[in-house]
Amino acid sequence: MIDKKAFIEFCNQHIQNQINLLDEQIQKVKSSLQNESKSSAGDKHETGRAHLQLEMEKLGKQIQEKQLIQSQFLQIDFQEFQDSVQRGSLVKTSKNWLLLSVGIGNINFDGTKIFLISASAPLGKILLGKKKGESAVVNGNTFDVLEII
């Protein structure tokens, strides 16, 4: 049995760690940019600065995306659902464990791989409202709902 509350905290920390890693990368690029500024002038210098600026912009967009994902994740009501699959449900299917939340892929938790999918993803849409014992079919794959937490 998976401790849902502990898993939710683990997921939030996982997202925060991704944000922290991106922030560290931004700091490294800023440092490189400052060092590049101290270099000699010329075309090579300007090209290096341009590449670093592009990298800063790319990392900035990535960090904004992760912060949006974290914000969306924190807005989800993760109460325990007994009757049917809802946004925030932790669902054991015949194929795998799923958390209907935000689409960030799989996370290993206590030796179990759990997929975080959006309720607007094809499987998420079909699972919404399903009860224990019901099935969902996506792309020819059948997912039997075995447990809803």
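Leaving aside its neighbours within four places in sequence, which residues is Thr-93 in contact with?

1. The model is a predicted one, in which local features need pLDDT of at least 70 and side-chain atom pairs count only at pLDDT 80 or more, while totals for chains, interfaces and linings use all residues. Residues are numbered from 1 along each chain as its sequence is written, and side-chain values use heavy atoms, with hydrogens and water left out.

2. Beyond those neighbours, Thr-93 is in contact (heavy atoms within 4.5 Å) with Leu-98, Phe-143, Asp-144 and Leu-146. Thr-93 belongs to strand E1, residues 90–93 (strands are DSSP runs of E with at least two residues, numbered from the N terminus), and its relative accessible area of 4% makes it buried (under 20%, with a 1.4 Å probe and protein chains only). The side chain of Thr-93 also reaches the backbone nitrogen of Lys-95 at 3.1 Å.

3. The count of aromatic pairs comes to three, where rings of Phe, Tyr and Trp (its six-membered ring) pair if their centres lie within 6.5 Å, with planes under 30 degrees apart counted as stacked, over 60 as edge-to-face and the rest as tilted. Phe-73 and Phe-78 form a tilted pair, because their ring centres are 5.0 Å apart and their planes stand at 45 degrees. Phe-73 is buried at 1% relative accessible area, and Phe-78 also counts as buried, at 15%.

4. Strands E3 (residues 105–109) and E4 (residues 112–118) run antiparallel and are joined by five bridges, pairing of strands being defined by at least two DSSP bridges between them. Gly-105 has Leu-116 as its bridge partner in E4, and in the hairpin of E3 and E4, with two residues between the strands, Asp-110 takes a positive phi near 50 degrees.

How values were computed. Buried < 20%, exposed > 50% of the residue type's maximum accessible area, 1.4 Å probe, protein only. Helix = DSSP H or I, 4+ residues; strand = E, 2+ residues; numbered from the N terminus. Polar contact = N/O pair within 3.5 Å; in protein donor to acceptor, adjacent residues only side chain to side chain.
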